[in-house]
Amino acid sequence: MDFGDFRRTHGRRAFLQRFAGGLGTVGLWHLLSVDGFADSPDSLAGWNPLEPKKPHFTPRAKNVIFLFIEGGPSQLDLFDPKPEMKKWDGKPLPESMTQNLQLAFIKPTAQVWASPRIFTQHGDSGMDFSDWLPHLSSCADDICMIRSMVTEQFNHSTGQLMMSCGTPLVGRPSMGAWTTYGLGSESQNLPGYVVLGKATAAGSGIWSNGFLQSSYQGVPFRDKGDPVLYLSNPMGITQEAQHDRIKAIRDLGEIDYIETGDMEIAARMASYELAFRMQTASPELMDFSKESKDTLEMYGVNREPTHEFASKCLLARRMVERGVRFVQLISSGWDHHSDLNKNLKKNCDINDQPTAALLKDLKQRGLLDSTLVIWGGEFGRTPMIEDRKPIEQGSVGRDHHPFGFTMWMAGGGVKGGQVLGKTDDLGFHVVEDKIHVHDLHATILHCLGLNHEHLTFRHQGRNFRLTDVAGQVVHKLLA
Amino acid sequence: MLKLVLQRMMFLTSCLLILFVLIAQTRAQVHSDQISAAALPPPARLTVDFNRDIAPILEERCLGCHGSVQQLSGLRLDNPADALKGGYSGPAIVPGNSRESKLIHMVAGLKKGMVLPLGGERLSPRQVGILRAWIDQGARWSEVTIDKRQIEENQRQRTNRKHWALSPPRRPTLPKVKNALWARNPIDAFVLARLESAGISPSPEADRANLVRRLSLDLTGLPPTLEEVSEFLADKRPDAYERLVDHLLASPHYGEKWARHWMDLAHYADSDGYWDDHLRPHAWRWRHWVVDAMNRNMPFDQFTIEQLAGDLLPDGRLDQKVATGFLRNTLTNTEGGVKKEEFRVEQIVDRTSTVGQVWLGLTVGCARCHDHKFDPISQKEFYQLFAFFDTTTEVNIEAPLQEEMGPFLRRKPEYDRKRKALLAEYGVKELQSEWEKKTLDAATNSQASFEWRLSWEILGLHTLHGQDYLRFDPNRRTQKQEDLLTDHFVKWYNLVVTKQRIDELKFEELDGKLEKLAEQFPLLTEAQVIAENPVPPKTHILIRGDYLQPGTEVQPGAPAVLNPLENSPKATRLTLARWLVSPANPLTARVTVNRMWQEFFGYGLVESSGDFGTRADRPSHPKLLDWLATEFVRNQWNVKKMHKLIVQSATYRQSSKARKDLQGRDPYNRLLARQNRLRLSAEAVRDTTLAVSGLLNLSIGGKSVRPPVPPGGYTKTGIRWKEDEGPDRYRRGLYIFFQRTSPYPQLMSFDAPDSLQVCTRRERSSTPIQALNLLNDPVFFEAAQALAVRILREKPTKWSDQLDYAFRLCLGRTPRSAEFQRLADYFGREKERLLRDPVVAEQRFPAKGMENVNVTEAAAWTTLSSVLLNLDEFVTRR
């Protein structure tokens, strides 16, 4: 159901002139023109904050899917093999690293824990993956692996804010907000910035619009039930009644507008029309019945333990297909202080197949070139063991490690099949091509055709940007 | 419970571990920063002549930032005395030893990521070599100070170009206007003069129905009642408008509306923020104080002094201490592993920035890491302001409301008896005293075992001052201090003994019983307040804002560009508060009246209401701003009087209708040839909807409430509050519990601030999420149902009367004929559908147990009501 009747009677000229398909805007323009407040459709420019905007230069990617691996996945057990560590296994860190350490609780004898994982090389590029990533490793040649990420933040909430917003402080816009602020959205029926999954540490701060207008805030989508807050009609409101209700609101708004001439009335009415389109488009978005059996199988939608994460990954693809600019998919529970062997395996069993399927699916549909996929957490994990005996018998894990960790990207203009950066033999420090979170952000914006130094917003007397006063585009990452 | 505690403990253990690794790391890093001087260019082989060799380098490359105008990082290089003294981080030049001279390290780029000078090319190795030679030869200066000419020039420029907002407002004379009859008070003279010079005429006065709704929403945040509307419409006395204004200013809901505005500035919340986001069960006590202070029309100078320094006032009344809760709205990070000092510093920075922005309208926080780039505030001056708050500490005190004391005193003995019995039954006393000893020992004994050290750390992280109480002689502790330690001991004894032992002791059970007992005998209300630290730390400039890099020591002080601090031997927060509201302060009154203006017109006279610095927007009416500021001070900071003055002006009373003639000339209405039309705040959208539907609970003050959250409305895992059942779910929006990591969704979709930092001006967006919120949120749909019942009950007559009534309730006016016609058609269609499908009608309006309600009628009225509640006119103040 749509606003066809309204369109037929009112919006012919505007419709034909410019806004093919943009029903709300048609009605809106008509109203503005009734009383001479708007002389041409152009005077509507800037009304919709999510209207697609031109990037600063030709972009490599149009959309982003950010797989945020919350908690800090262990790079040493997944992506960054360290054969040298075997020699140090069970021994304290080498003297050279500990001579200046003054530890209050643990002695500097914290033992190195060589990863028990088996690493093998994959793809033409021979990229290393651990045996827990059998699916992702088959995408090696599309993946651009960064083994030299660093951050200053070693606590979850500040680390997550850093990774999402480029600052450990709360109240700043997130990457998705900056992106939609810079580029708007191609989707007429869905929000431009969608969040899948829940935050655990920093709360909604990691998809915040900060000081930007609230239209740029991430809209949390759930993969079951109502995908968006308040999306379903209240009991006893059929779709027909909902349509008629909105029509009545618009009918009165029209009278009001003619009476007062206030353009914001038109803008508000347009927002009701978009709301209604979201209501109709969302069930279609959430409906997997038209997906082929092979696709569902590839993601693992109908099986455990992949069901939930697979649904989110498939949804992410469907959103990108429908023009959603930025999808932030949160996978939580990677904070393996203890029982790493058991729990990391569990996480991989849930995530590996759907993640690989997402890459393959995007690729086979020709979407990978225009979609930048990013995978990573707020930091990595220590080479040293965290041993909780005697409190918890036989349960070992690793601690937070901000000095060198791994993330990867694929698609949208990055060079697949390459590994960038290197950590030392114990995986402690970065020794080659250090990439700070700011650099990563600068590079992501660059892929989207945005110059991170020019994407600014003036607030409290100064220009703010995602990369604060730092960040350099890492050209080596680009295709 | 225990499992949870244990898990938590696991987590904390690990976080602590990483903390220590990191401390070690940072220290290691500091060490590695000790520069290997091997990388330095060698000293030049020549006998240095200062004037020939050195002065040109300093002049061209250094004095821009380290000369007479600016002294970044506190370093000044235009005369020998200052140059040898050095900057915030110590001496820059060590005569005779260029290897150890920081100046050389910096220009040679030895420090990672930082090479001076910042602009232009780097110094050549030759130039560095010359500077080295000069230092090695004793860093001697010539007789002439190199920068004299420039000093004079700069000083002249400085005095000539003082930014307008930094000079005290002078009371302007009223401008002459042609249309003198239009002006109702001095405000209008200023506005009209501007309009006349632009050749624009003001708009006519809004109609009375509009005025009563506007006034009511602006002053109380609530729509007018039917009686208020009809009384005002019928009041033909010449002073009817003033009477209405007085009536609204005297309403107890006035304080609620203006408290919310103040809460934005204070960034009030009911939880800590960050990972743990602990609840703050006492935060509301400060809000309660604000509502009351607003209602009592506390003069703004007193309001300021009590909130910033109520604890230091000579009479030091309880309510004055409660007022300092203003400063307790900063975030707290208790995530396991955080460095307490780091976040203490963050809190002090937040307090300093908040005060700077709220009272001075200056973004002083910018000067935390370096001298302010645009405004005349040096980094040193930032830390001088910081010093006022650096000596504070957080305490919670008992702050009962009047009605609490009687019942409390009656029930206290029984509570004490029962608690004592419980503690004795589980044998707490002996175990606790041993635990205390060992925990205290671990505080200082580096040989103590891991568990006991953890025990000490956890006490520090999870209690306010628990570590201090532990140090006290047990016989000297107050009952409350003792109880706090006991409660903590019962909860956390498991850190140091096995699970088996805890099970034997049944401490988990005891913990539950103690909590239950406490619920049955609610303790007195507490307040979060600020006090002076008995052992105040010395304040240092923090190099680049980093708490690990203290620079030179500073004393509390005011920025030199503003009025001087009152002369007293020791400057305290009280000195600062009095300085802020001293008539000589050029900013406070201007900034405050500007925010008032913003509330009544949507935009301040200075649009950047949080920034009056050199980068601020120019005031649209500079003289009006100064007149209002001086008027405010002249009236002894009487807030209600200022509000009354503004709303009585003809400027305020204009119609808000858009005017085609203004489209091109003044599209943003900066000249105020009409009123602005403003979307209601998040809270007002809720309050207004609940009010007209008759659901609103109008009780004032008290604890925060937890209305139902829609499915999917919690944004953080693990947060789910116990929703209020009774009338509390219909309280006004300002009372909604504000959990920082998972705020109430409706507030957020309507642009309420996230409470993480000062918010001086809210956005007013229009989004599809708002539309869905108003259409489908059960809270708003319930209001539509209630409004339907109200209409049918109170007007059981014909439909046209009902519609008339509904319009008057929602919009304060009767429907136009076109509106009547369209809604009649709509209602007809709805009824037809519902008659066809009675099941839908039942679903839409489940008339459980309601008598004399025609379900079809009520269901059709539910959606019609909802249409009215969704109108742009309903959610805007016009």
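This is a predicted model: local features need pLDDT of at least 70, side-chain atom pairs count only at pLDDT 80 or more; totals for chains, interfaces and linings use all residues.

Reader: At what angle do the axes of H8 of chain A and H35 of chain B cross?

Author: They cross at roughly 175°. Angles over 145 degrees count as roughly antiparallel. H8(A) and H35(B) are therefore roughly antiparallel to each other.

Reader: Which residues of H8(A) and H35(B) meet?

Author: From H8(A), Ala241(A), Asp244(A), Ala248(A), Asp251(A), Leu252(A) and Ile255(A). Their partners in H35(B) include Arg822(B), Leu823(B), Tyr826(B) and Arg829(B). By class, this contact has seven nonpolar, six charged and no polar residues.

Reader: Now domains. How far apart are the centres of domain 2 and domain 3 of chain B?

Author: The centres are 33 Å apart, taken over C-alpha atoms. In the assignment, domain 2 of chain B is 299-399 + 529-586 and domain 3 is 402-524. Six residues of domain 2 and four residues of domain 3 make the contact. Strand E1 (residues 392-398) of chain B gives the largest share of the domain 2 side, four residues. That side has one nonpolar, two polar and three charged residues.

Reader: What span should the 14 residues of helix H25 of chain B have?

Author: Count 1.5 Å a residue, and H25(B) (residues 588-601) should span 20 Å. The end C-alpha atoms are 20 Å apart, which agrees.

Reader: What do the buried residues of H25(B) pack against?

Author: Five helices of chain B: H13 (300-309), H15 (340-359), H24 (573-580), H26 (622-634) and H27 (639-648). Among the buried residues are Val591(B), Val593(B) and Trp597(B). After H25(B) comes Gly602(B), with a positive phi near 95°.

Definitions and conventions: Residues are numbered from 1 along each chain as its sequence is written. Chains are lettered from A and ligands numbered from 1 in the order in which they are written. Axes are lines fitted to C-alpha atoms, for helices over the stretch in contact, and angles run from 0 to 180 degrees between N-to-C directions. Helices (H or I, at least four residues) and strands (E, at least two) are DSSP runs, numbered from the N terminus. Angles under 35 degrees count as roughly parallel, over 145 as roughly antiparallel, 65 to 115 as roughly perpendicular and the rest as oblique. Two residues are in contact if their C-beta atoms, placed from the backbone, lie within 7 Å. Ala, Val, Leu, Ile, Met, Phe, Trp, Tyr, Cys and Pro count as nonpolar, Asp, Glu, Lys and Arg as charged, and the others, Gly among them, as polar. Domain bounds come from an automatic or database domain assignment. The expected span of a helix is 1.5 Å times one less than its number of residues. A residue is buried if 20 or more other C-beta atoms lie within 10 Å of its own, exposed if 12 or fewer, and partly exposed in between; C-beta atoms are placed from the backbone.
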